[in-house]
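Have the sequence and the structure at hand while reading.

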Amino acid sequence: MKNLKEIFKNKIFAKLFFANFTSQMGSVIGVTAFMFYLLDRFSGQPIYASITELMYSLPTLAIFLVVGVVADRFDRQKIAYYCDAICVVLSAALIFAIWYGWMPLIFGALFLRSAVQKFFFPAESGIMQGILKKEDYAVSAGLNQMVMSVFMLFGNGLGILAYWLGGIYGALMIDGITFAISAILIKSCTISTEARLPNGKHRMKDLNITFVMNDFKEGLFYIIKNKLLISLIVGFFVFGVVNGGFSVMPVFILKYKLAPDSYEQLSIILGAAFGIGALIGGVVASSVVQKVKFHHLIVFGIVIAGAFTVLSSFAPNTWSFMVLVFLSSFGIPFANIGIGGWMPSIIDPKMMGRVQGWIGPLMMLSQSATLGFIAVSFPKILTVEMLYWIVGGCMMAVGVFYAIILPKYIKGEKEVPGKAAAVSS
């Protein structure tokens with residue numbers, strides 16, 4: 001608690017934290033409300049729901065080359081501000097498109113809004129790195145994990161409530177207002193030039209194909225040369241596998257094994273169990289992160305989450321399955337906070353955007369590959385239990401890999417708990 005109070009005394013951090021919170025809230029409310037609108041309006045055309053998911057994922061492939069470059073070469077505060085401001089306009093455009101009723105226009109507005117949002121996090125992460133002390137990185141990562149857990153637990157409920165009370169137009173108005181609040185908070189910050197422009201000023205005309213490709217390659221070489229960093233990024237690849245698996249596995253095991261007649265209702269309870277586990281895990285991990293070495297935190301979280309994921313496949317009934325899901329989700333925040341607190345300490349502030357620009361596509365690649373593998377193999381080749389064994393086994397394998405490899409990149413034995421040790425590249 002003392003660390004939380006101290007970090008919020010940094011007024012810039014407090015404003016950026018709540019800006020990130022409201023920006024995420026706007027996105028969650030809009031996505032959920034729009035999904036329910038499609039299910040109500042086009043119940044006989046489920047393809048629209050699939051296309052909607054694509055409109056949120058495809059922009060990553062469309063702009064991944066420039067996201068990190070923009071965050072490193074231009075004013076990070078302006079990037080974050082304009083992301084939110086443009087999303088306000090695009091929320092209004094989405095309202096108009098829905099009123100007009102032309103689906104290509106609706107999906108175009110969704111695609112553009114998702115693409116704009118992809119620029120926010122690398123810029124915001126770079127600013128945070130510039131305004132915090134190294135000992136505060138772990139606390140910040142813990143707070144971000146708790147925010148993620150809250151949205152896991154309540155995000156869909158907020159979107160559904162907004163849709164029920166205000167319809168799709170009311171929900172999108174709330175969506176736009178939250179983006180506007182985020183933009184105002186970011187605009188009100190007074191941030192040093194070093195945090196906003198760590199690589200100096202650049203102009204839009206500098207952003208040509210050659211410049212972008214050179215910067216993108218520079219980010220790749222920077223990652224490859226830092227053995228500790230590339231080892232940590234392996235974790236994000238695995239998180240993509242986990243995200244892909246968990247997006248369908250819980251519904252599959254409920255529908256095809258545990259509760260074929262009530263899987264839809266129970267999936268809501270299951271989501272709450274996962275969110276509560278992640279929230280409690282985030283609180284506990286945040287309270288011990290200053291006392292435990294980062295690599296111990298990461299290994300513990302991944303192994304615990306992987307082990308209980310495997311055990312979930314053996315659950316004899318729905319309620320024991322939910323307990324095991326709760327326990328697996330409890331471990332995930334330990335790994336998230338460990339990696340999220342460590343990475344800013346080992347990344348040059350001048351390269352943060354380009355490193356973040358690689359992480360998103362890498363996670364999406366592993367997530368898409370996992371979903372594709374499940375699509376072609378289940379249930380013809382693999383049973384639902386085997387899916388849990390594969391995903392949980394991957395997590396435990398990475399935990400063992402980290403337990404062996406991470407200590408090798410830490411110089412000496414005096415790593416400060418909750419802080420980055422000196423590392424070798």
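## Helix 4 and residue A85

A85 is found in helix 4, in what is a predicted model. With a relative accessible area of 22%, A85 is partly exposed, because the buried class ends under 20% and the exposed class begins over 50%. In sequence, A85 and I184 are 99 residues apart, yet their C-alpha atoms are 8.8 Å apart in space.

Y100 is also part of helix 4, which covers residues 76–100. The relative accessible area of Y100 is 53%, and Y100 is therefore exposed, since the cut-off for that class is over 50%.

Y100 belongs to a nonpolar surface patch, together with F96, W99, W102, L105 and Y169. The area of this patch is about 720 Å². Helix 4 supplies the largest share of the patch, with three residues.

R196 and D75 are both buried.

A salt bridge also connects D175 with R113, again through their side chains, at 2.4 Å from N to O. D175 lies in helix 7 (residues 137–187) and R113 in helix 5 (residues 103–117), so this contact ties together parts that are 62 residues apart in sequence. D175 is buried, as is R113.

## A salt bridge within a network

E218 and R354 form a salt bridge in which the closest N and O atoms are 3.3 Å apart. Because E218 lies in helix 9 (residues 209–225) and R354 in helix 15 (residues 352–377), the pair ties together parts of the chain 136 residues apart in sequence.

Which of these residues is buried, and which is partly exposed? E218 has a relative accessible area of 38% and is partly exposed. R354 has a relative accessibility of 4%, so R354 counts as buried. E218 and R354 also belong to one network with D72 and R76, joined by salt bridges that share partners.

How values were computed:
Residues are numbered from 1 along each chain as its sequence is written. This is a predicted model: local features need pLDDT of at least 70, side-chain atom pairs count only at pLDDT 80 or more; totals for chains, interfaces and linings use all residues. Side-chain values use heavy atoms; hydrogens and water are left out. Patches are made of residues with over 30% relative accessible area and no salt bridge: like charges are joined within 9 Å, nonpolar side chains (Val, Leu, Ile, Met, Phe, Trp, Tyr) within 5 Å. Accessible areas come from the Shrake-Rupley method with a 1.4 Å probe; for residues, only the protein chains shown count as cover. A salt bridge is a side-chain nitrogen of Lys or Arg within 4 Å of a carboxyl oxygen of Asp or Glu. Helices (H or I, at least four residues) and strands (E, at least two) are DSSP runs, numbered from the N terminus. Buried means under 20% relative accessible area, exposed over 50%, partly exposed in between (1.4 Å probe, protein chains only).
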